[in-house]
Amino acid sequence: MTIEAATGESRITALCALSQQVRELMDATALTDVPEDELEAITADVAALTARLRAVARETPQPFEFAPDGTLRHLGNAVTGAANPHALPLVVTSDGESVRAELSFRPLHEGPPGSVHGGISAMILDHVLGQAVVVAGFAGMTASLSVNYRKPVPYGVPLVATGAFTRKEGRKTWVEGRIALTDGTVLVEATGLFVTPAAWLGE
Ligand SMILES: CCCCCCCCCCCCCC(=O)SCCNC(=O)CCNC(=O)[C@H](O)C(C)(C)COP(=O)(O)OP(=O)(O)OC[C@H]1O[C@@H](n2cnc3c(N)ncnc32)[C@H](O)[C@@H]1OP(=O)(O)O
């Protein structure tokens, strides 16, 4: 994979702002109680905006690229990408050994009444564990992800997701992580096996 340097920063800023506005639209849609005729009018307005965006479109989201400060970013990522409305977006930081992200789920992430869908928690952990693999100096695709749901995950509450390397064997890297309340109460735990495809190593 060739990674290019980013161009057009002001356009990227505008795209990220649009994505944030769409997140707010999604949140508002999930919670609205306006009357039916207003729903129909809004649906027509949103359809018109969708058509304007599709007037000039690409087939894939924003790619991996080097930001002007030299850091690697992936603005189209479904979990972290600021230019992808699907993303929280999650901001993952590292102390060089493990990774950490502060997050808060929203009502539109609901699965069971009043708590977050288990697949959403697994998605977050998949990503956090994947970044833990990168921080350990490797890269790979998720081969398996094992998730233990200890307690329901609330939305609208500050949470912390963490991940860390556990061991390595050939192209296989094992990592572990969790989502917890800020007082340390563990809600969801996961272990993951990430495999570096042979092709990535030129084998
Ligand atoms: C470039 C910059 C990157 C920056 C990244 C930013 C962070 C992003 C973070 C994003 C995070 C999000 C990440 C995502 O969302 S990744 C998206 C979700 N994952 C996928 O789509 C992966 C799909 N699967 C594959 O591509 C292949 O199956 C992989 C690559 C996984 C292995 O295919 P490969 O052909 O290479 O495998 P192999 O047959 O030679 O086997 C090799 C070894 O592995 C062992 N094995 C294989 N599979 C399994 C399994 N299921 N359980 C247990 N073990 C398994 C196997 O026994 C063998 O062991 P051994 O016999 O050698 O002991």
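Student: What makes up the count of helices and strands in the chain?
Tutor: The chain holds three helices and nine strands, where a helix is a DSSP run of H or I of at least four residues and a strand a run of E of at least two, numbered from the N terminus. In sequence order the pattern reads β-α-α-β-β-β-β-α-β-β-β-β. This is a predicted model: local features need pLDDT of at least 70, side-chain atom pairs count only at pLDDT 80 or more, and totals for chains, interfaces and linings use all residues. Residues are numbered from 1 along each chain as its sequence is written.

Student: How do you know that the span of helix H3 agrees with its number of residues?
Tutor: The expected span is 1.5 Å times one less than the number of residues. For the 18 residues of H3 (residues 118–135) that gives 26 Å, and the end C-alpha atoms are 26 Å apart, so the two agree. Just after H3, Gly-137 has a positive phi of about 100°.

Student: Which residues does Val-135 touch, not counting residues up to four places away in sequence?
Tutor: Val-135 touches Ser-94, Gly-96, Glu-97 and Val-99, a contact being two C-beta atoms, placed from the backbone, within 7 Å.

Student: Which element gives the most to the shell around the ligand?
Tutor: H3 does, with five residues. The ligand is surrounded by 19 residues, the closest being Gly-130, Met-141, Thr-142, Ala-143 and Val-195; a residue counts if its C-beta atom, placed from the backbone, lies within 6 Å of the ligand. H3, S6 and S9 each supply at least two residues of this shell.

Student: What is known of the span at residues 114–185?
Tutor: UniProt, in an unreviewed entry, places "domain: Thioesterase" at residues 114–185; the positions follow the numbering used here, the feature name is shortened, and the annotation may be inferred rather than shown by experiment. The end C-alpha atoms of that span lie 18 Å apart, and the span is 25% helix and 42% strand.
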